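Reader: Please take me through this one, a question at a time.

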Amino acid sequence: MSKVLLILHVLAAVIAVGPVTVAASMFPAAARKAFAEPGSGLSVLRALNRICRVYAIFGLAVPFFGLATAGSMRVFGDLWVIVSIVLTAAAAGVLALLVLPGQNAILAALDAEPPSAPVTAGRVAMYTGMFNLLWAVVTVLMIVRPGSTTGA
C-alpha cells in the first residue's frame, strides 16, 4: 500500500505543482509586457492565473497523499518529514496569500482605466520565487531524506 500511496503522491506533485510553478513563473514577465503595451497580453495573463488557481486546488492532493504515505511508511515523526510538512504549508501560504492575490491585483489594475500597478510584477516574481524555492527544498528532502531509516 505504501508504494501505491507514494506513486499517487509523486504523480499529484508532478501533475499539480508543476503547472502552478511554470504558470506562476511566466506571469510576471507577461504582466510587464501587458503594462508596457496596454491592451495586449491580458488573455494570456488570465489564462496563467486560471492555471495557477485551478492547479492549486488539485495541489491539495499532494499533502493528502504525502501524509498518507508517511503514515503507511511509519516515518511521520522523522525530522525530514516534519520539515517537509512545514515547508509545504509555507509554500501553500505563499501561493494563497501572496502569489494569487498579487496576480489578481495585477489583473484588476490592467482592467482599470487607465491601467495602474498597485502590486508590481517584480513583487509577484519575488513571491513566485519564494514559492518555487520552498517546493525545490521539499523535493530535495523527499529524495535525500536525511536521517531516514527506510534504506534510501
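Author: Happy to, starting with a definition: a residue is buried under 20% relative accessible area, exposed over 50%, and partly exposed in between (1.4 Å probe, protein chains only). The model is predicted, so local features need pLDDT of at least 70 and side-chain atom pairs pLDDT 80 or more, while totals for chains, interfaces and linings use all residues. Residues are numbered from 1 along each chain as its sequence is written, and side-chain values use heavy atoms, without hydrogens and water.

Reader: Thanks! In what order do the elements of the chain run from the N terminus on?
Author: Helices (H or I, at least four residues) and strands (E, at least two) are DSSP runs, numbered from the N terminus. The chain has five helices and zero strands. From the N terminus on, the order is therefore α-α-α-α-α.

Reader: What percentage of the residues of the chain count as buried?
Author: The C-alpha trace spans about 60 × 25 × 20 Å along its principal axes. By the Shrake-Rupley method (1.4 Å probe; for residues, only the protein chains shown count as cover), the chain exposes about 8300 Å², with carbon and sulfur atoms supplying 74%. Of its 152 residues, the buried share is 36%.

Reader: Which residue meets Arg-46 in a salt bridge?
Author: A salt bridge is a side-chain nitrogen of Lys or Arg within 4 Å of a carboxyl oxygen of Asp or Glu, and the count comes to one. Here the N to O distance is 2.7 Å. The pair links distant parts of the chain, 65 residues apart, with Arg-46 in helix α2 and its partner in helix α4. At 37% relative accessibility Arg-46 is partly exposed, and at 44% so is its partner, Asp-111.

Reader: Is Ser-84 buried or exposed?
Author: Ser-84 sits in helix α4. Leaving aside neighbours within four places in sequence, Ser-84 is in contact with Val-138, Leu-141 and Met-142. With a relative accessible area of 4%, Ser-84 is buried.

Reader: How far apart in space are Pro-114 and Pro-38, C-alpha to C-alpha?
Author: Pro-114 lies in the loop between α4 and α5 (121-144), and at 60% relative accessibility it counts as exposed. In sequence the two prolines are 76 residues apart, but in space, C-alpha to C-alpha, the distance is 9.3 Å.

Technical notes. Contact means heavy atoms within 4.5 Å.
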